[in-house]
Amino acid sequence: MTGVGEGATGTDPLDAAFAETVRRTGATIGALYLLAPDEQRLFLHVLYGAPSDFAEPWSTIPVTAPAPVAEAVREDRMVWVASQEEMARAYPRTAMALPYPLTLVTAPVTGVRRWGSLVLMWPATRPPYMTRRERGHVAASCGRLARMLEEAVQHGRFPAPGDPPHVLAAGAGRRPTTPAMAAADFVERLPGGSCALDLEGRFTYLSSGACELLDREAGELLGTLPWHSLRWLDDPVYEDRYRAAVISREPVVFTACRPPDRWLDFHLYPDASGISVRVVPSETEAPPALVERVPGNPVPPRAGRLHQLMHLAAALTEVVGVQDVIDLVADQIMPAFGAESLVLSTAEAGRLRITGHRGYDARSIERLEGLSLDTGFTPAGQTLATGIPAFFDNREEMGRVYPDALLISSKQAWAFLPLIVSGRPVGCCVLSYDRPHTFTAEERAVMTSLAGLIAQALDRARLYDAKHDLAHSLQQALLPRTLPAVPGLRVAARYLPATRGMDIGGDFYDLIPLGVSAVAAVIGDVQGHDAAAAALMGQVRTAVHAHSALGVPPDQVLSRTNRLLTDLGPDLFTSCLYASIDFAGRRVTLAGAGHPPPLMRLPGRETRPVDVLPGPPLGIDPDAVFPVTELPLTPGLLLAFYTDGLVERPGADPDDSIAGLAHHLARADDRDLDLLIDALVREAGPSAQRTDDIALLVVHHTAHG
């Protein structure tokens, strides 16, 4: 049985090949994510062995997200997660939204280009490793799926990101599920009278004993969800136990009270066709972990909504800049609530400034830009003044209170969410719909909770962006805009910010002419990644420049700069490497201050680290001595200076990383030094995982000059 959304049938060859892959691997749940045309996000195309609402938190995943499915595509490798504990350590956000015992693998689907990612899940009882044969089978299956996707593109049948996911039943090809057949399956699984649920959670069979214990007739319950038809099971705790059984494929037990005081034990036994439920009277009285809800209290959100809220809350804690907040709301929060359009505005100088939007044309945004915080043109002013969200299920509701707002667009339903932090308006988030939409009490509660989290994230992001812009401008002003042209020397340099955290730092490079026959190559790294590090970097670079102009040797340049830094007492140390290249004397003189050694490639491509005599970092000991190392300057000699961000990786030996970098440099083409730097950076590791900034300076002595 193959369905689109919730059950339309079809015989899509890609779906069939995907389902066969899941079955042959023995996985209980599978998913196929495809890369959107913009290559910035993955969308769920096919789901096997679980209801579609289980995947709501992950229907769309940014490629940059810290999740296994995104990492497989981003790094083009298979990602294996052996247990829930490993998931919590490596992917805490995913573990928060999927808190069940399981084993998981994600693999890139790659052919002529990247197509997406295959996800396979098993119960936690399987061995915590994959054999070489299993890995080969998964890789081969991904290759087959990639070829089918390439054929689909050639025939104009590639799935669109907005299409609902196909849901494939794990029992595809079996006899149709009816109450009689489900009862037969149940008898095979468990003796005695109980009930059976399908994977969607609906009753498919009830024995007479189950009907007696539940105090309802079978006809009233068949085809319904327990937490809908039995009000005393309408609690997220019980629905979560069902979800745990479906995902983990492990038996689950919980106790519930049937009013007024009949306590029942529910034993859930899941497999690929459904869940057998054994219902027996509890041997204990009211368990202390379960508290009866007081009548009149608001009903909490469903378990699925709670997991979704936790997932989105975790994601909001990881955003950095304002654009990250906009992308998260657009890519994950909008789809979670089925919204088609978004307007996110911030409060600045008494007005609402549009920060980001989706689904609105430029003319509509122009009319909304710059509205005053107390505007009566739209509900935004009232929601910010009161801090109370406003929901409009259709245009009639909106028109009764805000008739002018209908002139902005043809939207049919709206949710206006005030973004308030400590009583201070930060902005307003508007989700809108192309069709009338009824906002349930549960949906309103979740949206209201998310609004507070969005407000906190947006406020932090605005502060971060302001600090970042200031520090980035400072850093760019302090780094050399261009390097001087030196006869007989080809030069290229690069600065790359960290991809996590504030993307500024204290790494710097410079090329300083020393008269007509010499030049100094300098590279350094100030501790830290903030404005203080950037400012100190400027001071160090200025000091090195000034002392170099006096014509003193490299060790004296570092000694004098070191004394200046110790006098300033910046509480930050600095590593530095200074190389004087003397064309007349045909030698290179180096002095280092706690910096990684440069790489030297000889004309015959032999490449190795230069054995620089070590000196301490600058700014620690005012009387430090910096030994000097000399090299012969021969035509064709290439020197690569770099900072530790290029070679340091968690858990890796720096010497091994430097040796690996030397190996890559030996093979690199030096006809274009900028392309050579690109190759070194690419071989150093994926840019998405760069936690430190990088500076590189490459100099190549030619035969002329």
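Below is a short chat about what the labels on this predicted model rest on.

User: Let's start with His 595. Why is His 595 called buried?

Analyst: The cut-off for buried is under 20% relative accessible area. His 595 comes out at 13%, so it counts as buried. It lies in the loop between β24 (587–593) and β25 (599–601).

User: Which residue 186 places away along the chain has its C-alpha atom 6.8 Å from that of Asp 507?

Analyst: That's Asp 693. Asp 693 is also among the residues Asp 507 touches, along with others including Leu 479, Gly 524 and Met 537.

User: On to helix α19. How do you know its length fits a helix?

Analyst: Helix α19 (residues 654–667) has 14 residues, and at 1.5 Å a residue they should span 20 Å. The end C-alpha atoms are 20 Å apart, so the two values agree.

User: What makes you say the buried residues of α19 share a side?

Analyst: The buried ones are Ser 657, Ile 658, Leu 661, Ala 662, His 664 and Leu 665. They cover an arc of only 165° around the axis, so they are on the same side of α19. On the other side, Asp 655, Asp 656 and Arg 667 are exposed.

User: What do the buried residues of α19 pack against?

Analyst: They pack against β25, β26 (607–609), β28 (638–642) and α20 (673–684). At the start of the helix, a side-chain oxygen of Asp 653 reaches to within 2.7 Å of the backbone nitrogen of Asp 655.

User: How do you know β18 and β19 pair?

Analyst: Pairing takes at least two bridges. Nine bridges join β18 (residues 413–421) to β19 (residues 424–433), so this antiparallel pair passes. In one of these bridges, Trp 414 has Ser 432 as its partner in β19.

User: What about β24 and β27? How many bridges do they have?

Analyst: They pair over five bridges, in the antiparallel sense. Ala 591 stands opposite Val 628 in β27. Strand β27 (residues 628–632) has a covered face, with Thr 629 and Leu 631, and an uncovered one, with Val 628, Glu 630 and Pro 632.

User: Last one: which residues touch the most other members of the largest nonpolar core?

Analyst: Tyr 33, Leu 214, Phe 266 and Leu 268 do, in a core of 61 residues. Helix α10 (residues 236–248) gives the largest share, six residues. A second, separate core has 49 residues, among them Leu 479, Val 552, Leu 618 and Leu 637.

Conventions:
Residues numbered from 1 in each chain as written. Predicted model: local features only at pLDDT ≥ 70, side-chain atom pairs only at ≥ 80, totals over all residues. Heavy atoms only, no water. Helix = DSSP H or I, 4+ residues; strand = E, 2+ residues; numbered from the N terminus. Buried < 20%, exposed > 50% of the residue type's maximum accessible area, 1.4 Å probe, protein only. Core = buried A, V, L, I, M, F, W, Y, C linked by side-chain atoms within 4.5 Å. Expected span 1.5 Å × (residues − 1). Arc of directions from axis to C-beta. Contact = heavy atoms within 4.5 Å. Polar contact = N/O pair within 3.5 Å; in protein donor to acceptor, adjacent residues only side chain to side chain. Lists of a residue's contacts leave out its neighbours within four places in sequence.
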